[in-house]
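Here are my notes on the model you sent over. Have it open while you read, and go through the points in order.

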Amino acid sequence: MGVDIGGTGIKGAPVDIHKGELAGERYRILTPHPATPKAVAEVVAEVVEHFTWKGPVGATFPAVVKDGMTLSAANVDKGWIGANAAVMFTERLEMPVTVLNDADAAGIAEMRFGAGRDRKGVVIVITLGTGIGCGMFLDGNLVPNTELGHIEIDGKDAETIAADSVRERKDLKWKDYAKRVELYIRRLDSLLWPDLVIIGGGASKKADKFLPLIDVRPEVVPAELQNEAGIVGAALAAADAQ
Ligand code: BGC
């Protein structure tokens with residue numbers, strides 16, 4: 001099964017990894033505050049235990065994750081820096097837990113079952129949500145932990161300009177938000193020249209309101225799995241790790 005750990009909610013579901021779909025209704029609990037590693041591990045366990053699941057579990061986390069360790073904390077409790085999330089979750093659940101970056105997980109799901117299916121070359125999956133997440137693929141293979149949501153635009157962290165949370169906080173009109181996302185994609189393009197950009201995250205639900213207004217060189221399409229991409233991708237990563 002897959003669990004998606006976010007700043008607002010921690011949600012999970014069993015996943016049909018052959019179809020790339022949830023195999024049961026998703027269960028969600030609010031993220032505890034403060035979201036310390038111990039408090040989050042408890043909620044992850046509660047979500048998993050809600051299902052009669054015994055088997056590999058994949059969990060996403062909104063930070064750099066290497067070998068199960070969380071190494072950054074842009075929008076999360078600083079206590080995560082250097083924590084071994086995979087070991088903590090595995091010990092708490094007594095089941096193998098694979099932990100990976102949230103945008104990498106969403107990207108894996110999109111590449112296998114969504115807008116990136118059968119796409120070769122350089123594909124960048126961008127999640128526009130609380131922050132900006134990035135999953136980069138070369139011929140379908142993930143280059144993990146690309147933190148391209150933090151590239152600089154005019155001396156500022158791109159995330160503070162084009163994340164969906166910025167649109168909500170500033171109550172931006174869609175055309176103004178589209179300009180910001182356009183600026184961001186142009187900057188990405190000038191550095192990486194992707195063949196395809198897939199827009200996921202919270203903003204992708206409303207992609208029709210701003211993507212048509214964006215004028216950039218690479219092909220840009222909305223994600224297809226939307227809200228479920230993290231859960232599906234986490235489960236795929238857990239299955240691949242077996
Ligand atoms: C973090 C990334 C994460 C993204 C989306 C960024 O602030 O640095 O690791 O993928 O937010 O949650």
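1. Some ground rules before the sheet. Two strands pair if DSSP finds at least two bridges between them. Helices (H or I, at least four residues) and strands (E, at least two) are DSSP runs, numbered from the N terminus. This is a predicted model, where local features need pLDDT of at least 70 and side-chain atom pairs count only at pLDDT 80 or more, while totals for chains, interfaces and linings use all residues. Residues are numbered from 1 along each chain as its sequence is written, and side-chain values use heavy atoms, with hydrogens and water left out.

2. Strand 6 and its partners. Strands 1 and 6 run parallel and are joined by 3 bridges; Gly 2 has Gly 58 of strand 6 as its bridge partner. On to strand 10: 5 bridges link it to strand 6, again in parallel, and Val 57 is bridged to Val 97 there.

3. How covered is strand 6? Buried here means under 20% relative accessible area, exposed means over 50%, and partly exposed is in between (1.4 Å probe, protein chains only). By that cut-off, 5 of the 5 residues in strand 6 are buried. Val 57, Ala 59 and Phe 61 are buried on one side, and Gly 58 and Thr 60 are buried on the other. As background, side chains in a regular strand alternate between the two faces of the sheet.

4. The largest nonpolar core. A core in this sense is a set of buried Ala, Val, Leu, Ile, Met, Phe, Trp, Tyr and Cys residues joined through side-chain atoms within 4.5 Å. The largest one has 30 residues, and Val 3, Ile 5, Val 44 and Phe 89 have the most contacts inside it. Two or more residues come from each of strand 1 (2–5), helix 1 (37–50), strand 6 (57–61), helix 2 (85–93) and strand 10 (97–101). Helix 1 gives the largest share, 7 residues. There is also a second, separate core of 29 residues, with Ile 132, Met 136, Val 166 and Tyr 184 among them.

5. Helix 2 deserves a look of its own. Its buried residues are Ala 85, Ala 86, Phe 89 and Leu 93. Viewed down the axis of helix 2, they fall within an arc of 95°, so they line one face of the helix; the arc is that of the directions from the helix axis to the C-beta atoms. These buried residues pack against strand 1, helix 1, strand 6, strand 8 (69–70), strand 9 (83–84) and strand 10. Contact means heavy atoms within 4.5 Å. Just after helix 2, Glu 94 takes a positive phi of about 55°.

6. Glu 182 lies in helix 6 (residues 174–192) and counts as buried because its relative accessibility is 7%.

7. Backbone spots to check. The His 33 to Pro 34 peptide bond is cis, with omega near -5°, and Pro 34 is in the loop between strand 5 (27–30) and helix 1. Asn 145 is not a glycine, yet its phi is positive, near 60°; at 14% relative accessibility Asn 145 is buried. Asp 171 also has a positive phi, about 50°, but Asp 171 is exposed at 68% relative accessibility.

8. Domains. The protein is divided into domain 1 (2–101) and domain 2 (105–228), with bounds from an automatic or database domain assignment. Their centres, taken over C-alpha atoms, are separated by 23 Å. Across the boundary, 15 residues of domain 1 are in contact with 12 residues of domain 2.
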